[in-house]
Amino acid sequence: MSDQGDERTTPGTRAGAGEGPATPERQAGRAPAQQTGRPAGGAGPAEDLDDDAPPITLTPNQAKRASSTARGMLIATGATIAVVLPVYFLNPTYTAETYRRDIDVETVARQAAGDAGYLPASPTLPEEWSSTYARWVTGRSDAVDFWEVGFLTADAGYIQLTQTDDANPTWTAQRVEDAQVSGTRTIGGLEWELLDAPNGDTVLTSEVDGATVILNGQASLTEFDAVGEAVVEDVRQNAVDEAERLSSSDTDGS
């Protein structure tokens, strides 16, 4: 039988047009490795290293330079610490006590009495408390002058006292920052309106012998009670003292 028309090919013997002879790569279905200077299979540079290569060593000069750099870094770090530590230890630690002030509220109140037309409240509070400021506020566009004192409680709470004899609903609403009424509280024999402010402050307002008194801040209600009772007592005592002074003046004048 003739072999013509019945060509048979075996793996590695059939090649397409322009292809070379069969190779092991072609027999395995892989393209031959390109001449890229690295073995087939994409071996990286690490695989090109000779495992028997000698370890890298530094010359004496290189080792000296490396050692000098390390020493320089240590010296610079030590110098920085030496400068920072004295400054740190010489500066006081800021705590709640740092901001405590002991203003003589009674003296400031007497100084403000001439402008106020009455003796502002200077309540007597526990020794552990302190006053942070005391001032007579005047010359505002709303034409309402008022007495203002800040108190720091023993438990680091804060209560602000405001007193005026010239309040109006608009001024009061602005002063309490539109706080909403949440109830009432009896302090010093008077009924106080209890409000909750949007900023989280507790607010108490009342009329004490013709004066509008506002207490606001962040402290316990017990501490608010202490301030309120002291303010009521002081305002009433001041009214008695003022009445006696006027009576004495009339008697001397006659």
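The legends below describe several close-up views of a predicted model.

**View 1. Glutamate 106 in helix H4.** Glutamate 106 has its place in helix H4, which runs over residues 105–116. With a relative accessible area of 44%, glutamate 106 is partly exposed, because this class covers the values between the buried limit of under 20% and the exposed limit of over 50%. The C-alpha atom of glutamate 106 is separated by 7.9 Å from that of alanine 121, and these two residues lie 15 residues apart along the chain.

**View 2. The salt bridge between glutamate 148 and arginine 135.** Side chains of opposite charge can pair when their charged atoms come close. A search of the whole structure finds five salt bridges, and one of them joins the side chains of glutamate 148 and arginine 135, with a distance of 2.7 Å from N to O. This pair links distant parts of the chain, since glutamate 148 belongs to strand E2 (residues 146–152) and arginine 135 to strand E1 (residues 130–137), 13 residues apart. Glutamate 148 is buried, its relative accessible area being 5%, whereas arginine 135 counts as partly exposed at 41% relative accessibility.

**View 3. The salt bridge between aspartate 142 and arginine 140.** In this view the side chains of aspartate 142 and arginine 140 meet in a salt bridge, with 2.9 Å from N to O. Aspartate 142 has a relative accessible area of 26% and is partly exposed, and arginine 140, with a relative accessible area of 37%, is also partly exposed.

**View 4. The salt bridge between aspartate 225 and arginine 185.** Here aspartate 225 forms a salt bridge with arginine 185, and the closest N and O atoms of the two residues are 2.8 Å apart. The pair links distant parts of the chain, with aspartate 225 in helix H6 (residues 221–253) and arginine 185 in strand E4 (residues 180–187), 40 residues apart. Aspartate 225 counts as buried at 17% relative accessibility, because a value under 20% falls in that class, while arginine 185, at 24% relative accessibility, counts as partly exposed.

Definitions and conventions
Residues numbered from 1 in each chain as written. Predicted model: local features only at pLDDT ≥ 70, side-chain atom pairs only at ≥ 80, totals over all residues. Heavy atoms only, no water. Helix = DSSP H or I, 4+ residues; strand = E, 2+ residues; numbered from the N terminus. Buried < 20%, exposed > 50% of the residue type's maximum accessible area, 1.4 Å probe, protein only. Salt bridge = Lys/Arg side-chain N within 4 Å of Asp/Glu carboxyl O.
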